[in-house]
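I opened this notebook to record what I looked up in one structure. The entries follow the order in which I checked things.

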Amino acid sequence: MALLGNLRHRPVRRLVQLYLGLALYGVSMALMIRSHLGLDPWDVFHQGLSKLTGLSFGTVTIGVGALVLLLWIPLRQRPGLGTVSNVVVIGLVVDATVALLPAGGPLSVRIAMLISGIVANGAATALYLGARLGPGPRDGLMTGYVARRPGRSVRLVRTVIEVIVLALGWLLGGTVGLGTVAYALAIGPLAQFFIPLFAVPEETAPDSAALPPDSAALPPDSAALPPDSAAPPPASAAPAAPAG
């Protein structure tokens, strides 16, 4: 089933890594929210919508993720298990963590929460992308658009989208500040550092020299990993927020 992707290759590690990464991503978002020092562009947008609608931050995150996922249809993108899980798990975890974390506090504590949130976000991104079970809906939107418009740069498309959602979020009352700038500067290097640590190696084909002479008649290996933008690309290892 395409939605589930290939789970014959290291299924336990990949599932554990996927859901650990998504849960950590939700925690990292909550830490940045409670720091009150600024959020990443998508979360500024989520927070602005939350203030406008009165819905919880996590509920808005889930709703926006689902709407973005609908935009995959004209781009002919196929979601993976990680994509669908991204939409639901992060929103639930961020609401639960925000409810547990105290609000306010001394500036030193808030700075520590901000730094912890940014570092955790980089590690979480590497964990769920490294599981190779599908990108987040926002990342897939960018890569899918570029795939349909080969002349466009992923970096340019991503920048335009994030500037738009940041501006809209700020106009709606989302928090833009030191944390927004710090996230923009740090998330790329952090993801670049963590991705090699958590990337699950692709399934390797057996050595043809070891196969019997009539092995050419065997059907192709249906367990080969599908093309998946969740495989961390070397030139754009820094993903957007999830969420994704």
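Entry 1, overall make-up. I noted at the start that this is a predicted model. I looked up the secondary structure and found nine helices and zero strands. Reading along the sequence, I wrote the pattern down as α-α-α-α-α-α-α-α-α. The protein has 244 residues, and 45% of them count as buried. For the accessible surface I have about 12,000 Å², with 71% of that area belonging to carbon and sulfur atoms.

How closely do the axes of H3 and H7 approach, and at what angle do they cross? Helix H3 covers residues 57-70 and helix H7 covers residues 137-148. Their axes come within 9 Å and cross at roughly 25 degrees. The handedness I looked up separately: H3 passes H7 in a left-handed crossing.

I then took H3 with helix H5, which spans residues 81-100. The axes of H3 and H5 are 7 Å apart, and the packing angle is about 165 degrees. Are H3 and H5 roughly parallel or roughly antiparallel? The cut-off for roughly antiparallel is over 145 degrees, and H3 and H5 are therefore roughly antiparallel to each other. H3 passes H5 in a right-handed crossing.

I located Leu71 in the loop between H3 and helix H4, the latter being residues 72-75. Is Leu71 buried, partly exposed or exposed? Its relative accessibility is 44%. Buried means under 20% and exposed over 50%, with partly exposed in between, so Leu71 goes down as partly exposed. I also checked Leu71 against Arg138: the two are 67 residues apart in sequence, and their C-alpha atoms are 9.7 Å apart in space.

Which residues form the nonpolar patch on the surface? I listed Leu156, Val160, Ile164, Leu168, Trp170, Leu171 and Val176. Together these residues have about 710 Å² of accessible area. I followed up on one of them, Leu156. Leu156 lies in helix H8, residues 154-171. Its relative accessibility is 53%, so I recorded Leu156 as exposed.

Definitions and conventions:
Residues numbered from 1 in each chain as written. Predicted model: local features only at pLDDT ≥ 70, side-chain atom pairs only at ≥ 80, totals over all residues. Heavy atoms only, no water. Patch = residues over 30% accessible without salt bridge, like charges linked within 9 Å, V, L, I, M, F, W, Y side chains within 5 Å. Areas by Shrake-Rupley, 256 points an atom, 1.4 Å probe, with all protein chains shown as cover. Salt bridge = Lys/Arg side-chain N within 4 Å of Asp/Glu carboxyl O. Helix = DSSP H or I, 4+ residues; strand = E, 2+ residues; numbered from the N terminus. Buried < 20%, exposed > 50% of the residue type's maximum accessible area, 1.4 Å probe, protein only. Axes fitted to C-alpha atoms, helices over the stretch in contact; angles between N-to-C directions. Left-handed = near helix turned anticlockwise from the far one by under 90°. Parallel < 35°, antiparallel > 145°, perpendicular 65-115°, else oblique.
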